[in-house]
Amino acid sequence: MNPPAKISPATLAKLAKLGIHHRADLLLHLPLRYEDETHLAPIATVQAGTTVQVQGSIAHSEIAFRPRRTLVCRLEDGSGELYLRFLNFYPSQQKQLAVGRQIRAVGEVRMGYFGLEMVHPKCRAVDDHTPLQPSLTPVYPTTAGLAQPVLRKLIGNALDTLPLSDTLPDALLQRLQLSGFADSIRLLHSPTPDISASSLEERSHAAWRRIKFDELLAQQLSMRVHHRERGKRTAPRLAPHQNLTAQLIKNLPFALTGAQQRTFAGISQDLAQPHPMQRLLLGDVGSGKTIVAALAALQAIENGYQAALMAPTEILAEQHYLKLRDWLEPLGLAPVWLSGSMKKKDRQLAAGHIASGETLLAIGTHALFQEQVSFHKLGLAIVDEQHKFGVQQRLELRNKGKGRETEPHQLMMSATPIPRTLAMSYYADLDVSVIDELPPGRTPVITKLVSDERRDEVIERVRAACMAGQQAYWVCPLIDESETLQLQTALETYQLLGETFPDLRVGLVHGKLDNAEKARVMAAFKAGELQLLVATTVIEVGVDVPNASLMVIDHAERMGLAQLHQLRGRVGRGAAQSLCILLYQRPLSELARARLKIIFESNDGFAIAQHDLQLRGPGELLGARQSGVAMLRFADISADEDLLNHARLAADELLHDFPEAAQAHLQRWMANKQDYLHV
Ligand code: ADP
Ligand code: MG
């Protein structure tokens, strides 16, 4: 932090924790709420449940033991009396609150044993002439050891000394009826008492509108700038020769859906550009993203470049490997498999084929993009279920192209963990294509909610289904985020179901199985040798066994919406009517009840994601760490959609007509976040 800095290193460290690195950051550290110390409430008028400021003299003060040592004082103001209680107190406080002292106290009033009371109010000694605060007192987000008065002082100083010039042209402000930056920021830090506290706390006040707009605009500008930067980087031109791709399409046992054709056409066009594609292919579970990925890979291969397909779990990667091998073998191509759990020798062998360029398509887990693996001529990197990958892995992938003249194109795929409008406006560095149509002939999965008390009936149902030739999954949940416990539950369930159904062939798959074993179990299930598969949530992503038509999700109340939807997407892949039973245990929390209701009522991933957004808010939904997306602090994408639309247009306008204003705006809002945003 730059001067005037008589700020101790300890305080600086605490400010850094709050994301305050420059003095200018203090300006944008906005209050969470306010306390009203602008007037005094006569004690006779105060009501339990409200926060007020009162003033009076101490009529009585004692240390009581009930049961803990407590300082109890009675405050009288002529209109009434009120008790002040302190559980942990210093001798100095006791002195300050001696009988006869005149005290101003601020706090929440509640009904106590003796009548109205305040517990641990903020108190100070006053006399008849002590002035009231001229404006509402801000309460800032803070961290342990950083007191409100310290923050207030620092922020006050920043407001007095830093330039608050507007970054936006007047014409724009007028057109969008936005208030000025300086006025807005001053108002939010110290609102006058006539301003409605609720409009501030609900963030609907015009000053908040301006701040949210600024934040959204900064995000939009940053995306555009990033996009432009990408336009300056080079990638190989992978023109659509349409020999391999056309052959694959011809060989498929199905016709591509309109949405698959459209999204592939978009990708195909991007690949032919001399700049790196960074595209997100969004499509609901089962919408058929894999074939689009395969076609993209073939377009790279047609041009003599390599392609790589990475998936977040071994099971999924392996399944892709098998599927693509089947698709590509008739074209004379053999993909190579690489994962972290391979024997060292095999891995080295695979890495050797990749490095020599002998292999044109590599499929595997994120081991593919670790340092030891270097590609001969990587033209396209495909990442399936990209929301499962962290920022670190995305960076690794990106760095694969660093230091070379050209970098690979990137295709990310995801099954709608977020609503599409959100994705489009939110992912800083990606273009988005959406597959909005399912392949024909699917019968929607029927979902049933069944309480745990009827577990026996469910077990019987599973048996009957398997006896009738169907295949079923039994999914055990993640327990307390603990893999060990999850494993234990899966083992127990496996044992129990195995004993209950001696006549059924039951398999077990979980994350701790070694790779070969996992592959063997999945292959046996796919081939119909196993009738019932007990699984942990490792099967959440991507697993594709069309004959499986029954799924039981145990303790469904513990799972998130996206997870439930993904799991349910494992059935309903064939022509048979599928059923998904959500077994839940009472009592249900309000959130769990809301989630189960949504998953019961909707089969549409986009709609579910929209609800998820409303239940959890974008912060938790996206999780900055997971998605590599910068978090919004003030604006709320779903509630402030109108502002987002304005910000989108304004970003184009500024970059085109007022580039300096755009620069100044980014500087104010993104000075330290630029790197982060680019992850
Ligand atoms: P996801 O989008 O969830 O990754 P997949 O690519 O695994 O979906 O496809 C799901 C299933 O649908 C696969 O069995 C796949 O072969 C099949 N499929 C894909 N496209 C079509 C299509 N156009 N017509 C019929 N079946 C299709
Ligand atoms: Mg998939």
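Among contacts in the protein between residues at least 6 apart in sequence, 76% join residues at least 24 apart, where contact means heavy atoms within 4.5 Å. The model is predicted: local features need pLDDT of at least 70, side-chain atom pairs count only at pLDDT 80 or more, and totals for chains, interfaces and linings use all residues. Residues are numbered from 1 along each chain as its sequence is written, and side-chain values use heavy atoms, with hydrogens and water left out.

The secondary structure comes to 25 helices and 21 strands. Helices (H or I, at least four residues) and strands (E, at least two) are DSSP runs, numbered from the N terminus. Of the 679 residues, 53% count as buried; buried means under 20% relative accessible area, exposed over 50%, and partly exposed in between, with a 1.4 Å probe and protein chains only.

Strand E2 (residues 51-65) has two partners described here, and two strands pair if DSSP finds at least two bridges between them. With strand E3 (residues 69-76), E2 pairs in the antiparallel sense over eight bridges. The two form a hairpin with three residues between them, and isoleucine 63 has leucine 71 in E3 as its bridge partner. E2 is also joined to strand E5 (residues 102-111) by seven bridges, again antiparallel. Here glycine 56 stands opposite isoleucine 103 in E5.

Axes are lines fitted to C-alpha atoms, for helices over the stretch in contact, and angles run from 0 to 180 degrees between N-to-C directions.

Two helix pairs come next. Two packed helices are described by the angle between their axes and the distance between the axes. The axes of H8 (residues 206-232) and H24 (residues 659-670) come within 9 Å and cross at roughly 110 degrees. The two helices are therefore roughly perpendicular to each other, a term for angles of 65 to 115 degrees. Residues of H8 including Ile211, Leu217 and Val225 meet residues of H24, among them Leu666 and Trp669. By class, this contact has nine nonpolar, three polar and two charged residues. Ala, Val, Leu, Ile, Met, Phe, Trp, Tyr, Cys and Pro count as nonpolar, Asp, Glu, Lys and Arg as charged, and the others, Gly among them, as polar.

H9 (residues 244-251) and H11 pack at an angle of about 150 degrees, with their axes 8 Å apart. Leu244, Thr245, Leu248 and Ile249 in H9 meet residues of H11 including Ile291, Leu298 and Gln299.

Glutamine 299 is found in H11 (residues 289-302). Glutamine 299 is buried, with a relative accessible area of 1%. A polar atom of its side chain lies 2.8 Å from the backbone oxygen of leucine 238. Leaving aside neighbours within four places in sequence, glutamine 299 is in contact with residues including Leu238, Pro240, Thr245 and Phe264.

Methods
Chains lettered and ligands numbered in written order. Parallel < 35°, antiparallel > 145°, perpendicular 65-115°, else oblique. Polar contact = N/O pair within 3.5 Å; in protein donor to acceptor, adjacent residues only side chain to side chain.
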